[in-house]
Amino acid sequence: MRLVHVNVTQLRVAATCPRLHWFDTRATAARQDGQTVVSRIWRKGGATPGCGALFHTAVERFNAAARSSDEVLAALEDARDPAGLQQALMRWFNTSCLNLDALAARPVPLRLGFIAAVQVYMEELARLAVHARADGLPAAELRSQLFGDSRKRVDVTFHVGDDVHVHVTGAIDYVYFDPRLGKHRIVDYKLTPPTSPNSDLFQVFTYALMHHHQHGTRPDVAVFYLHPARSVREARWEEVEAKRGKIYELIASMVAWSDHARGAGGLPPPGDRAYCDGCKHERSGACVAELGHKDKGAWDRRWTALEATRGGDARDTRDTRERVAAGTTAADRPAAGELTADRPAAGELTADVPMVEDDPELDEALAVVKPGGEPPKPAETPSRRRKAPPGGERSPHSTADTGKIPPQANTAAASGMLLGFDDHGAPVCMDPAVLRTHVSVVGAAGSGKTWMAKVIAEEALRAGIPVLAIDPQGDLVQMIEERPRAEMPPELLRPWEELKERIEPRILTPGSSHGLRLCLDPLRLPSASELAHIANPALRAEEEEGLLVAVAANLVSLCACGGEEESQRTFLYQVLRQLPRAAPIRLRDIVAAVTAPEDLGIDEVDSLIRKSERERLARRLNTFVQGPSARLFTGGTRLDFTELLRPTKPGRVPLNVVYLNALSNDDEKHFFLAALATELYRWMITTVDASSGGVNLLFYIDEARDWIPAGGGKPPAKQPLIRLFTQGRKYGVGCLLCTQSPRSVDYNVFGNTSTKLIGRLEAAQDVDRVIDWFTNEGGAPSWVAARKGAPKGSFVARWPDMPAELAGRAFRGRTLFTRHAGAWSPDRVERAVTAAGLRGDAK
């Protein structure tokens, strides 16, 4: 299989003039650094600077920061007229997003052009917002709709005929849910005159088509010219859909033109006279000298030919087009010349290929725009008039981004956990007992790894194994909603119904009441009776000490007092050792003991910790008892795994999703996960019968690199999680992790993971790391190298006692039985939990 990488900017260049793309390809091939040359066709001269890089950088910062800004929320709440809201947004923009001193140092024409463009942008935003507020939309929901959707990067792989895959990436200027229209809208901003509106519309048409493939939306589009004069070009989704064949043909043609530029066959490109006056290749004479007359050249018109063979009628070819747009598996693979598009899993994206000839204003723009934090996570943006389904609007005929099953797929022979189907429709199944050896799913962004991990979690539930899933962003909470029966292939209806009858979902939200609220008070410390089953006294003492050390370390990391943390951990460890454990230990008991350690019989305290640090530690701990930070330790239900893993009805299997995104900062997330992993280990060694031989729990952690990073970094949860991977299998606690790169997670984790599913890999170093894994396990198999650039949704697995016929066999994950859309915000989680009746008696 051949994989070609392009970005939407290159598509826009090729749409303007195919010969520009030909010259860019040849210049790229001549470079030695692997960077891609892209002509700057948008810089057409003119007396007034366009300040495009500065505008785009500043507005990107504004949109990212506005989602969580109290000032923006207050302005939306008070919005009465567009002019007043525009001024309020401009004031916040100036103070929060710009370095005004740096802006003042820029040339006067650039400053004036930039200010004028921002004012037009804010005016349009204010009009939209005031209209929505007048229609009764609450300010918080409006803010989420305008700024909460961060799905701006698009990443889709198109299949072009004879086993050629074109991987297209890009970044959208602005995508939002328009409450006036009740649907999504994509806007591309231009700070140039509308001299090439058709090419500009073609670019945003491409964005919309890719966004539809990737997220299931059906967005309207607009090109908004802000400077030097305001102008708008708009189109509805139906027009985008009707013209998608032109986009497919351009993608196929770009491959042929690139091949021709490199002397590898292909097609010579035609020219476009409309751009000749501003083209350097026209001025130098190279265009005609190397490619002949402008009318010479050809396009790859196989899409048009394909449509002609099917009658060309949109109604007659709807099913075919939907299949082509949704992606295929081998049994449904297109004939030579057809084009298909695969969507990556929601929220998982691949970076663009590095480009040169970027806008020279960019460095100056970064000096003017204040740096911001990470962009907000994607949020659900429903309209009050017509609610959008999770993850946005979805075509009634669209399919999941991975897991489409060949027509001849046969589930009758499936035995065990049904992971997916190979190219011939044969099921790929894994024995549930394998989960005990731990599972890692590795794949580049957009490879479908979260999809595959959710398949494994669903299959564990079907096999009667409870699941505890850590959801840092909002991708896993969607498992509380079943995929509609109408979307399920007939071959999978039986297992779909089995899961529906077995699953008992719960959404657990530490420190908040968006779901079932969890709290960490009182703390669970191991008692002598709980550890009595460990016959070896030395081992029993080691287990007790390890748990006390872990709890002490977690509390110190949460307090973040600075100073000598090792002394603080040692002191807290001594306090925990001396505290009576006949009754539950509350955090206030620890605060009292830290304040007066002599009451516990701890002598010579000053030799353990300085008095000033002990007092600071006591004050910080006390804030978690009676201060604003007490939410992790107050309210809700105590963290108790015995209760969490007990079904409320016979025959049900609990799915507990711990949603961390409602916590206010990363420190709280890291602390809670560390505390949870420590408590899970305590429950495991004090409660579970290690001799049972079965799988008692599947512990699933998404985005593992954030919690168990490779190298010397030691976030609070790292050691407790590594302990689960090293000790869990003997207690029947299987661990499942997802990560983009095999180099990103601590080697101790992968060393204890016997089952590995490898998706698409992007970097050669990742391929080398995977080869190292399998070399250690008995020799690197031949399929590993082919994982670099593999199709999205394709995996190769290896697990203990795998049947010989499955070794090295690529397969695609089956259709998910539960929802899989854009990440859910806390408010979206709360609505879903309430609607599903999952709140129970929790307060």
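The legends below describe close-up views of a predicted model. Residues are numbered from 1 along each chain as its sequence is written. In this predicted model, local features need pLDDT of at least 70 and side-chain atom pairs count only at pLDDT 80 or more, while totals for chains, interfaces and linings use all residues; side-chain values use heavy atoms, with hydrogens and water left out.

**View 1. Strand 16 (residues 516–519) is covered on both faces.** Strands (E, at least two residues) and helices (H or I, at least four) are DSSP runs numbered from the N terminus. L516 and L518 on one side, and R517 and C519 on the other, are all buried (under 20% relative accessible area, 1.4 Å probe, protein chains only). Strand 15 (residues 503–510) runs parallel to strand 16 and is joined to it by 3 bridges, with T509 opposite R517. Strand 17 (residues 637–638) pairs with strand 16 in the parallel sense over 2 bridges (pairing requires at least two DSSP bridges), and T637 stands opposite L518.

**View 2. Helix 19 (residues 537–559) crosses helix 22 (residues 611–626) at roughly 90°.** Their axes, lines fitted to C-alpha atoms over the stretch in contact, with angles from 0 to 180 degrees between N-to-C directions, come within 10 Å. Helix 19 is therefore roughly perpendicular to helix 22 (65 to 115 degrees). L555, L558 and C559 of helix 19 meet L617, R620, L621 and F624 of helix 22 (contact: heavy atoms within 4.5 Å).

**View 3. Four strands form an open sheet in the order 5-6-7-8, with mixed pairing.** Strand 5 (174–178) and strand 8 (231–235) are the edge strands. Strand 5 pairs with strand 6 (residues 183–190) in the antiparallel sense over 5 bridges, and V187 is the bridge partner of Y174.

How values were computed: Buried < 20%, exposed > 50% of the residue type's maximum accessible area, 1.4 Å probe, protein only. Parallel < 35°, antiparallel > 145°, perpendicular 65-115°, else oblique.
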